[in-house]
Amino acid sequence: MRWSRLDRWSKHPDEVLREASSLIGGGGTRDEKLLSICRLLKDCVPYYDWVGFYLVLPQSQNELQLGPYIGAPTEHVKIPFGKGICGQAAQTKELFLVQDVMEETNYLSCGEDVRSEIVVPIIHNGVLVGELDIDSHRSAPFGPVDEKVLARICEAVAGII
Ligand code: SME
């Protein structure tokens, strides 16, 4: 993967992907693995201030449920499809990148410090099973490397959710 120092990651993204893959294939419960991935990403990328998973539980198919995360506690424990950036990404099943949350009217605030957000759907056999959600306190920090690496991590975790 093309990568430059400008991306400001503390490890090469390929190394992050290797570590994520070994966490997924390693020991522990599903939630322990997801939490370790949150920690890995938060530790490697200085502009990731909140990193967490939302899951679609079998009993509530039109709602996202907060899963493992690292960062400030959030009141948004359950998010209906369509609501906020997470809920919109759940409806479209497409990556949703918001470089300035002030510009987004359908947004659920997780704190005054948050400036930008990226949400990547996790799809298993064509079905949405969860999302990876990242908030940043910086404006417009996300680039193609973030999109690519996060999308690959979501492909890799899809099988364990
Ligand atoms: N901001 C999200 C809510 C979840 S928090 O970022 C943890 C949204 O608008 O869906």
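**Notebook: aromatic pairs and the ligand site**

I counted six aromatic pairs, taking rings of Phe, Tyr and Trp (its six-membered ring) as paired if their centres lie within 6.5 Å, with planes under 30 degrees apart called stacked, over 60 edge-to-face and the rest tilted. I looked at Y47 and F142, whose ring centres are 6.2 Å apart with planes at 70°, so this pair is edge-to-face. The pair links distant parts of the chain, 95 residues apart, with Y47 in the loop between helix 2 (30-44) and strand 1 and F142 in the loop between strand 6 and helix 4 (144-157); helices (H or I, at least four residues) and strands (E, at least two) are DSSP runs numbered from the N terminus.

I noted that the model is predicted, so that local features need pLDDT of at least 70 and side-chain atom pairs pLDDT 80 or more, while totals for chains, interfaces and linings use all residues. Residues are numbered from 1 along each chain as its sequence is written, and side-chain values use heavy atoms, without hydrogens and water.

I then listed what surrounds the ligand, and found among the residues W50, Y54, I79, C86, E117, D133 and D135, where near means a heavy atom within 4 Å. Helix 3 gives the most to this shell, with three residues, and strand 1 (50-55), helix 3 (84-92) and strand 6 (127-136) each supply at least two.

I looked up polar contacts (N or O atoms within 3.5 Å; within protein, one must be able to donate a hydrogen and the other to accept it, and residues adjacent in sequence count only if both atoms are side-chain atoms). A polar side-chain atom of E117 lies 2.8 Å from a ligand nitrogen atom, whereas ligand oxygen atoms lie 2.9 Å from a polar side-chain atom of D135 and 3.3 Å from an N or O atom in the side chain of D133.
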